[in-house]
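Dear colleague,

Please find below the structure that I am handing over to you, followed by a short account of what was found in it.

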Amino acid sequence: MATSIPLTQISMPGHRAPGAGFEAPFEMLDACHERVERMLKLLARLQQRLLVHGWDESVAQAARDVMRYFDQAAPQHHEDEERHVFPPLLAQGDAVLVAMVQKLQADHREMERSWLAVREVLASLTEAPPAGWTGITPAQAEVLGHFTGLYRHHLDDEDGLIYPAAQARLSAEALRAMSADMMQRRGLEPPAS
């Protein structure tokens, strides 16, 4: 008989990945993508646990963890990209990069809309369901699947094309400004020189 791994063994939102700090902004952006992947995996495991075991407190905690990450960290990450990654690519004028950036900007807006529906599903799982509850509906599962698929395609586009292109175009001074802005918006102090 296989043992079940607790849902909460996936890293918690907001925790920095080893070796990634704001002084290296693209490493921090990559670390954010790793956290997004962990949260998407946690969301999938939450759905699987509901199917196999039904609702329990570990489902509620996983729902709260996913909500916390996408309520707090994900919007900050999108803002980092909108302020620092996308503008130099749009200004450069390469048609392929401009089209991809415009797609990614549209993705951000769609992710925000989709998150509202996903959050509603997750919020319903943070408390014990009423008697007779039979699990998430097919429509709710579709909402969760759409959100996950949207994020996965988005990450692939950024990791495969946009981040390398932006990083190659940003000067050391621009990277320092990016780092300072990312820290300032999060209320963090810059490292001592």
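Tyr 69, Phe 70, Trp 115, Phe 147 and Tyr 151 are joined into a cluster by ring pairs (rings of Phe, Tyr and Trp, the last by its six-membered ring, pair if their centres lie within 6.5 Å; planes under 30 degrees apart are stacked, over 60 edge-to-face and the rest tilted). This is a predicted model, in which local features need pLDDT of at least 70 and side-chain atom pairs count only at pLDDT 80 or more, while totals for chains, interfaces and linings use all residues. Residues are numbered from 1 along each chain as its sequence is written, and side-chain values use heavy atoms, with hydrogens and water left out.

Across the whole structure, 7 aromatic pairs were found. One of them, between Phe 70 and Phe 147, is edge-to-face, with 5.1 Å centre to centre and 80° between the planes. Because Phe 70 belongs to helix 2 and Phe 147 to helix 4, this pair ties together parts that are 77 residues apart in sequence (helices are DSSP runs of H or I, at least four residues, numbered from the N terminus). Phe 70 and Phe 147 are both buried (under 20% relative accessible area, 1.4 Å probe, protein chains only).

Residues lining the second largest pocket include Phe 70, Trp 115, Phe 147 and Tyr 151 (a pocket is an open set of points on a 1 Å grid over the protein atoms alone, where a 1.4 Å probe fits, with protein on both sides within 12 Å along at least five of seven lines; lining residues have an atom within 4 Å of a point). Helix 2 (57–92) supplies at least two lining residues, as do helix 3 (95–124) and helix 4 (138–169). The largest share, 6 residues, comes from helix 2.

Yours sincerely

Terms used. Buried < 20%, exposed > 50% of the residue type's maximum accessible area, 1.4 Å probe, protein only.
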